[in-house]
Each structure stands twice: as structure tokens, then as C-alpha cells.
Amino acid sequence: MASTTKFSDRPRVLVVGGGYVGLYVAKNLQKKVKDEGGIVTVVDPLPYMTYQPFLPEVAAGTIEPRDAVVSHRMHLKNTELITGKVTSINHAARTAVIELSDGESVELPYQDVVLAAGSITRTFPIPGLAEAGIGMKSIEEAVGTRNQVLERIETASLMPEGPERERALTFVVVGGGFAGIETLTELEDMARDAVRNNNRLRREDLRFVLIEAMGRVMPEVKPDQAEWVVSSMRERGIEVLLNTSLASAENGVLKLINMADKSPAGEFATDTLIWTAGVQANPMVRATDFPIDDRGRVRANAELRITGDDGPIEGAWAAGDISAVPDLSGGGVGGFCVPNAQHAVRQAKQLAKNILAARYGEGSVEEYNHKSLGAVAGLGQYKGVANIMGFGMKGFPAWLAHRGYHGLAMPMFERKFRVILGWLMNVTYGRDLTDLRNLKNPRQSFVAAATPPKKKEAAS
Ligand SMILES: Cc1cc2nc3c(=O)[nH]c(=O)nc-3n(C[C@H](O)[C@H](O)[C@H](O)COP(=O)(O)OP(=O)(O)OC[C@H]3O[C@@H](n4cnc5c(N)ncnc54)[C@H](O)[C@@H]3O)c2cc1C
């Protein structure tokens, strides 16, 4: 264990995860806790919060990657920040073990803990998936996908016609929820712009495929809207395969099966397989002594206190994707809040108030109760679908609603401003279609330049 001398010795509110929930809990608590002689500590392996609803637009190049993240250091000035991963929590002893970014571990004491470590991509044991696929849950994945799609288009434009070129120009998303539909439609929109700028290819040379195991897409919108989404995608030349599942992805060859009778439903090869078939609570909860439900979420009550069979656990709080919080509005799935940003941000604000009430008697501890406002989704430039408080919208008005909602929902004024300024720049100059190369090996050209010719000869 590393020494704890670098860390605050004040009574600590330990926030595990600096994403949506963690950022807002810390922001709303930090000043008061500090003034009262305590400290808020945020632990996260990343030094920033990622605004995940913007990932499809980052992948499509309509939002700059750094504009879609919020730096902890810039915005949590009164918080103790630790770049690392909480690997276990012993609440009985009020301690957490943190693996720091240099690989060392440290054990820190706390007074209150907030579990806010979110969710991870849910996958299944499909042969070849881990080797061939990529998720859409982090800024790095969005940037990597964008570079991959643009690079494949550029490279394929120099290939002779044939299976290799077809493979390079086939782009596949598995999962027809919001994230998958937004990702595929945004990428298709970007690819159209890319081939418009490249006279060696036509849009018809590119293949976009959605694979969805259910008989419909986007459960968050009404059935007729979901059907409209599918038909508008098909009009754009996107193949939508419903009731279809991925059985194997070995060597990038996708073998599909029909969900109804499990019969083979064709196969084809791709270099780009994006997996967005759901999320699951972060498995780090299993390394704690907190109660977990049958879906692996930490159990919480409507006051956002972690709750076992004997009632709420003193000093233990949770919110967001990692938790099973009762949905008092009567909505939700199985009586619990669905994992989305709409709940995460509101739960975080209520949770911060409840900690202030429980710890300093400021106000009273209250239950979280929020009726879903609906959902908005972008389907590429000027196209969208929305269901706002039961009112359905399609096309341009829905796209405007999507932009308006997310432009305002992006945390921190300076980030909102950067995102909106970027959108205005796109209107003026069009989206940026540059794919940055060699990001995985940025030293390549320097190494080549700095290696003496004799050494190069010996190596070859
Ligand atoms: C592509 C995509 C599009 C989406 N679009 C929408 C949308 O349009 N509307 C909507 O309402 N919701 C949307 N969501 C869902 C929404 O983003 C999440 O519900 C929300 O981010 C959950 O917040 P959270 O704080 O619980 O988790 P997160 O925001 O994921 O934060 C979790 C944090 O915990 C950190 N962490 C992980 N493990 C550890 C550990 N061991 N120790 C310490 N820290 C850890 C992570 O690095 C991360 O920073 C979308 C999600 C995705 C992926």
C-alpha cells in the first residue's frame, strides 16, 4: 500500500466515479463540506466526465471530442481529485482501496460514500466479438470509430472492386436502442459527406447494417415512431435486420441467426463492428459489502441511500446507472429508474441535498421522484425523432429539439458554449472530415528519423 500522506486527513465524502452523478454530487457538495471542515474526494480513472449522449456526434465529427468532456480539475476546485480506480470498499470499516494511476494502491478512510461508478457495456460470449468489436461508451471509442470509418473509406477508395473493398466499406452496429440507432445514422450521414468529397467512391459502394434481436428499435419512443425510424433508415439505404442476432464474429466474419427459429440468417465480413446492445451495472459493486440485486445493481431506496434487508445503511449513498433506485413516478422498468442521464443528473442533485441534510441538518432528507420527460434522438444532420411528454416529433423539429435539449443539458456553461460554437462552425464550414492517423503510434515518424541508417539496415 502507498502512503496516504498526499491525501487530505479531513472527514471525507468519498465519491466513487466522476461521471454524470459524481460530477454533480461533488459540485453541489464541495464548498459546504469544505467550509464545515470536511473534504469531498472524487476517484475516477479518468480526469474528466464524459457527456455520453454526445458520443454518436463525436463519432460523426459534428462535436469536437474535448468539447464533450468536462475536466474535473477545471470545475471541481474545492474537491480532492484522485485519478485511480476504487477496487474494493469495506463499509463496515469505512475504508476504500484505490488503485492509483501509477499502479500503487492506497487505502483511504471515509465518513460517507457515494457509489457513482455507472455502467459498462453489456456483452455476450460471442466468438470473435472481443477481437473484432468496439463499444460506444467512451470518448476514446467515439474518436477511434470516427477515424476508423474515415480511414476505411479513404483506403477502400484506392482498392480494386472485390471482397476486400466490400469488407472495408461495410459498417455494422449491433443494438437498436438509442445509442445504436444514433451511432449508425450519424456515421452514415458523415460517410455521405466523405464520399461526396472523394470522386473514387459513391454512396452505393458503402454498406451500413443494423442488427437488432428484438422485433422493433428504440423502446423509448412510440411504436409508430420506431417504425418511422426504421423506414427512414431503409430509405437512406441502411439495412435494418430485426429479429436477428450475432452468433459469431470470428476474423470479422459476422454470422447471423434468426431469433424466431435460431436458423442461420446469412453472413458477411466487416472491418467495423460497433456493439451497443445494452449496459450493465459496473461490476465493481461486487468488491464491496453492499447489497446487490439480481441484475448486479446496488440496492438503494428513494432517498438514494444504499439499503439492505434491514433498512438504509448509515453513510452509504448511490445513484445513476450503478444503482437500483425505485421509480416513484410509476414509470421505469420493474419499478426502478431506467439507466439514463435524465435520472442520473436529477438523482445527483437530490443526493447532494440529502447528504447536506443528513450531515449538517441543512433542510430535510427527501425522496427522489421524477417523471420522465421523454427522449430525443439525432439521426444525422437535420434529422431526428423525439417523444417529449407523450408528444411525438419526427424529422427536422425533432432534430432541433434534440440539439436544444442536449445543448442545454451539457454540464458547465463553458462546455455548452464550446459545443454550440462548434455546431455554428459546422453550419458555416461543414463538418470536419479529417481522420487523424497514427494516434496509436505517434512516435513512428520520429523513431524513423532518429534511427541511424546503419541500425535500420541491421534491423531489416
Ligand atoms: C452512446 C450513449 C448515448 C446516450 N444517450 C443518452 C441520452 O440521449 N439521454 C439520456 O438520458 N441518457 C443517455 N445515455 C445514458 C447516460 O449517459 C448514462 O445513463 C449516464 O451517463 C449515467 O451516469 P452515471 O454517473 O451513473 O455513470 P457515468 O456517467 O458512466 O459515470 C461513471 C464514472 O465512473 C467511473 N468509474 C468506473 N469504474 C470506476 C471505479 N472502479 N472507480 C472509480 N471510478 C470508476 C467512470 O470512469 C465514469 O467516469 C447515453 C449513453 C450512451 C453510452
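R415 forms a salt bridge with E414, the closest N and O atoms being 2.8 Å apart; a salt bridge here is a side-chain nitrogen of Lys or Arg within 4 Å of a carboxyl oxygen of Asp or Glu. The model is predicted, so local features need pLDDT of at least 70 and side-chain atom pairs count only at pLDDT 80 or more, while totals for chains, interfaces and linings use all residues. Residues are numbered from 1 along each chain as its sequence is written, and side-chain values use heavy atoms, with hydrogens and water left out.

R415 is buried, with a relative accessible area of 7%, whereas E414 is partly exposed at 22%. Buried denotes under 20% relative accessible area, exposed over 50%, and partly exposed in between (1.4 Å probe, protein chains only).

By the salt-bridge rule, the count comes to 28. One of these pairs joins R165 and D205, with the closest N and O atoms 3.6 Å apart. R165 lies in helix α6 (residues 163–168) and D205 in the loop between α7 (178–196) and β12 (207–211), so the pair ties together parts that are 40 residues apart in sequence. Helices (H or I, at least four residues) and strands (E, at least two) are DSSP runs, numbered from the N terminus. Both R165 and D205 are buried.

H406, in helix α10 (residues 395–409), is buried as well, with a relative accessible area of 8%. Its side chain makes a polar contact with the side chain of Y51 at 2.7 Å; such a contact is a pair of N or O atoms within 3.5 Å, where within protein one must be able to donate a hydrogen and the other to accept it, and residues adjacent in sequence count only if both atoms are side-chain atoms.
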